[in-house]
Amino acid sequence: MPSQPQTESDNSYTGFTSRLDPAMLPPGILQAAQNVRLQRGIAQPRKGCKRLTDPDLNSLTMVGSAKWVDSLGRDNVALIFTDSLYLFRPAQSGYAADTLGPYNFTRSIDAGQTVDAVQALNKLFIFRGQADATVFTATVTNSAINNNAFGTVTVTTSSNHGYASGDEVTVRSSTFRTQSALDENYIITVTDFNTFTFEFYNTTGGVFAANTALTGFTTIRGKPPFIWDSNTLDVTVASQKYTNPSSGTALTFKTVSVPPADFGIYFQNRLVVKTANQQISVSDVLSEQFDLQLNVFLINQGGNDWIVGFLPWIENQFLVFMRNSINLAFIDPRFNIADADRSQITVVTNELGCIARRSIVNAGQYVLFLSSKGVYLLTPQLDLKVIGNTMPLSEGIADFFDNLDYSKAANSVANYYNNRFYIAVPVVEDIDPSPVESRNNRILIYNLLNKNWESIDVYPHGLNADNLIVSAYLYEKRLLILTDFNGSQPEEYGGVFLEGENDLGDQYTSDADGVFLPANLPIDLNAGAALSEINAFVRTREFTSNTLSEKRFSRAEFQFNNVFADTVKLSATSHDPDASEEILAYTFSGATDGTLRPRVAMRGSSIDFTIQFSSGRPALKGVTVHSIAANRPMISQE
């Protein structure tokens, strides 16, 4: 029977989909892409990251980071350590890179504790978690304490408090009186199941009178935020003292500085913070003072749901993401006391929620976030409200999320940069299979121009994306990867890394291993930082020539843009029957476009190709496969 030559091609690439049957993918869609960028239809390995911070800071323990804009409008990265704050300013607009600090904490942050920070009112507010839900009534006992002197105060709670020595506890009096000078947050020493002591410094101007089991006090455990005013070298603790009315009256206006909270945003000249699982508190306008009676809002109370994050929206509204729902909040921006007739909270959807606060990103008109079912996208409607799509944006790569470590997924972080949505998530690695240790070791990239997932980025083991920050670098905005580290473990390397900068690999460790050879001169030897090779590859869809009948594949064509000494390795996998083999390993010798035409000599109903970018950054433009299929036999062989 005469044979039928067949040809099928991919002439450009716009994304990858790993969940669908590779034989059903349309032209231009890959079934796998790692460490690549799909720019203008060409698949090319990503550039490596560049270390920006001095590894000398690695002797400290870094627990968080945030963006800080200084008085000159320069972008800085606030590096938060257990006992201090440093500012790192990337090189930009004529200013050299610089590290400022330390700004010392008056208290410390526990290693491993998750912290959050936000810039507002020319200050940096560092949140350390919300207060306990249980408030105890208590009595106070103390000896007389002279002015400008320390004295020990003993507090007896009405029941077992469950506190531990070293905890931070706020003590408050219900009325304005001399003893209300005690109202503040203290580090305590536990003496019994219902008693504890703290040291009180008397600044009343006179002798602080002795008390024996004086009633009318309450206690609550919580860590108030740290506040750095950008002018001093010390980072202080937000005062928890109530603003007092006239002497002898009840405390009707319970206004304090920023209360203990998990996180917050600065929105419409107000600080908005999460102070309980279903509660948000709002500051006065252009103030860090909070009225804990009038400017408090409860959301979905009684539904066993809890607040995960906030996102500024439009027209004085912001989105409140909960674990199982999404709400839209409007807080009256006109007065210090929020008008109950105007402030309101409405439900957007009860069909889905968010599991990671820092995964919530505003990308143009869209809102993207991580849920328990993958990445979702909210779209605005004509009435400027938002609705959620019942199908996840990540449906095409849903199989990837089967390996997500959901016990650590709340630490996932995302950002929007260069028309791409970057989300860093924890996946249990083969090299370190313990879920307890898994951190954000994979970065998924969704290209909003191509409307497809673009790549799964894998960095050297230990270079975890604990935060993603878009900052000015030289004369443009760039994406920074922040990696926390523990100073007690010298093998850990962390700090600030510039994404997409090095052609030859990722700079991660502090060992000067030089560059990969061969390499063209002149080259940057990158003294002080080793280069880790980037494992980049793509796998094409299965080529079927629109028929599942058996074919003989004769040869393939791979068109590249390449530079001198780029190396690629090409492998083919046929299906039904299944077979795999390497068909070509090739090093280009010129700086021009090149087409490779390896012999395939395989048979099957379909075939796909894996293109491994072994060295350099060759750009794959397209793949063509040639096959031969015999005509249908005249006589059935059944």
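1. Basis. The model is predicted, so local features are taken at pLDDT of at least 70 and side-chain atom pairs only at pLDDT 80 or more, while totals for chains, interfaces and linings use all residues. Residues are numbered from 1 along each chain as its sequence is written, and side-chain values use heavy atoms, with hydrogens and water left out.

2. Salt bridges, R46 and D506. The count comes to 27 salt bridges, each being a side-chain nitrogen of Lys or Arg within 4 Å of a carboxyl oxygen of Asp or Glu. One of them joins R46 to D506, with the closest N and O atoms 2.9 Å apart. R46 sits in the loop between β6 (42–45) and β7 (48–51) and D506 in strand β44 (residues 506–507), so this pair ties together parts 460 residues apart in sequence. Strands here are DSSP runs of E with at least two residues, numbered from the N terminus. Both R46 and D506 are buried, where buried means under 20% relative accessible area, exposed over 50% and partly exposed in between (1.4 Å probe, protein chains only).

3. Salt bridges, E168 and R128. The closest N and O atoms of E168 and R128 are 2.8 Å apart in their salt bridge. E168 belongs to strand β16 (residues 168–173) and R128 to the loop between β13 (123–127) and β14 (136–142), 40 residues apart. E168 counts as buried at 7% relative accessibility, and R128 is buried at 5%.

4. Salt bridges, D167 and R221. D167 forms a salt bridge with R221, with 2.8 Å between the closest N and O atoms. Because D167 lies in the loop between β15 (150–157) and β16 and R221 in strand β20 (residues 211–221), the pair ties together parts 54 residues apart in sequence. D167 is buried at 19% relative accessibility, whereas R221 is partly exposed at 25%. Elsewhere, E8, D10 and R541 are linked in a network of salt bridges.

5. Strand β10. Six of the six residues of β10 (residues 84–89) are buried. In a regular strand the side chains alternate between the two faces of the sheet. Here S84, Y86 and F88 on one side and L85, L87 and R89 on the other are all buried, which leaves both faces covered. Strands count as paired if DSSP finds at least two bridges between them. β10 pairs with β9 (residues 75–81) in the antiparallel sense over four bridges, with I80 opposite L85; the two strands form a hairpin with two residues between them. Five bridges join β10 to the antiparallel strand β11 (residues 98–105), where L100 is the bridge partner of L87.

6. Cavities. The whole structure holds two cavities of 30 Å³ or more. A cavity is a set of points, on a 1 Å grid over the protein atoms alone, where a 1.4 Å probe fits but cannot get out; lining residues have an atom within 4 Å of a point. The largest has about 50 Å³ of space, and its lining includes F267, R270, F318 and D332.

How values were computed:
1 Å grid on protein atoms, 1.4 Å probe; cavity = no way out; pocket = protein on both sides within 12 Å on 5 of 7 lines; lining within 4 Å. Points joined across faces, edges and corners; volume = space filled by probe spheres on them.
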